[in-house]
Amino acid sequence: MKIILHALKGYQFRDQLKKKIEQAFPHGQVILADSGQHLCETLGRPLHKVSVLIAFISDSEDVGTLSHLKPLLENIKMILIFCRQSDEIQRAALRLEPLYTSHSATNFQDVISVLQRIEQKQIRPV
């Protein structure tokens with residue numbers, strides 16, 4: 001499974017989540033995208049084979065970046081992790097139609113569980 005992890009370079013929990021994903025999916029690939037431009041370049045490559053995009057959402061700019069890239073996110077499952085409580089930002093982000101949202105920026109077990117279910121469905125389609 002190929003996963004893009006989108007978060008700013010200095011965000012402290014980004015590396016923690018990357019490590020947990022790599023432990024849970026040793027044969028998977030995690031690509032770090034630390035800017036909207038980098039995310040666009042990764043998604044714009046032909047045959048990128050990305051299965052999941054996990055994005056940390058801290059403000060409306062993060063939502064705007066993903067909204068602009070919506071055409072490139074077709075057939076990619078999206079998991080959003082909200083870094084802070086803001087009803088306005090969360091409502092805007094839900095328009096992106098994520099598969100899953102999380103409000104925990106420290107315990108990522110729920111995200112790992114969702115990734116495991118995605119992988120199982122890829123191996124054994126329904």
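**Reading this fold, question by question**

Q: Leaving aside its neighbours within four places in sequence, which residues is Ala 55 in contact with?
A: With that exclusion, the partners of Ala 55 are His 6, Leu 66, Ile 79, Leu 80 and Ile 81; contact here means heavy atoms within 4.5 Å. This is a predicted model, where local features need pLDDT of at least 70 and side-chain atom pairs count only at pLDDT 80 or more, while totals for chains, interfaces and linings use all residues. Residues are numbered from 1 along each chain as its sequence is written, and side-chain values use heavy atoms, leaving out hydrogens and water.

Q: What makes Ala 55 count as buried?
A: Buried means under 20% relative accessible area, exposed means over 50%, and partly exposed is in between (1.4 Å probe, protein chains only). Ala 55 has 0% relative accessibility, so it counts as buried. Its place is in strand S3, residues 52–57.

Q: Why does Ile 81 count as buried?
A: Ile 81, one of the contacts of Ala 55, has a relative accessibility of 0%, so it is buried too. Ile 81 sits in strand S4. Between Ile 81 and Ala 92 there are 13 Å, C-alpha to C-alpha, with eleven residues of sequence separation.

Q: Why does His 48 count as buried?
A: His 48 has a relative accessibility of 18%, and that is under the 20% cut-off, so it counts as buried. His 48 belongs to the loop between helix H2 (36–44) and S3. Leaving aside neighbours within four places in sequence, His 48 is in contact with Lys 2, Thr 42, Leu 43 and Ile 76.

Q: How do you know that Lys 49 is exposed?
A: Lys 49 has a relative accessible area of 63%, which is over 50%, so it is exposed. Lys 49 lies in the loop between H2 and S3, and its phi is near 55°, a positive value in a residue other than glycine.

Q: What makes Asn 75 exposed?
A: The relative accessible area of Asn 75 is 71%, and that is over 50%, so Asn 75 is exposed. Asn 75 is found in the loop between helix H3 (60–68) and strand S4 (77–82). Phi of Asn 75 is near 70°, again a positive value in a residue other than glycine.

Q: How do you know that the radius of gyration of the protein chain agrees with that of a compact globule?
A: The globule rule is 2.2 Å times the number of residues to the power 0.38, with the radius taken over C-alpha atoms. For 126 residues a compact globule would come near 14 Å, and the protein chain has 14 Å, so the two agree. The C-alpha trace spans about 35 × 35 × 30 Å along its principal axes.

Note on methods. Helices (H or I, at least four residues) and strands (E, at least two) are DSSP runs, numbered from the N terminus.
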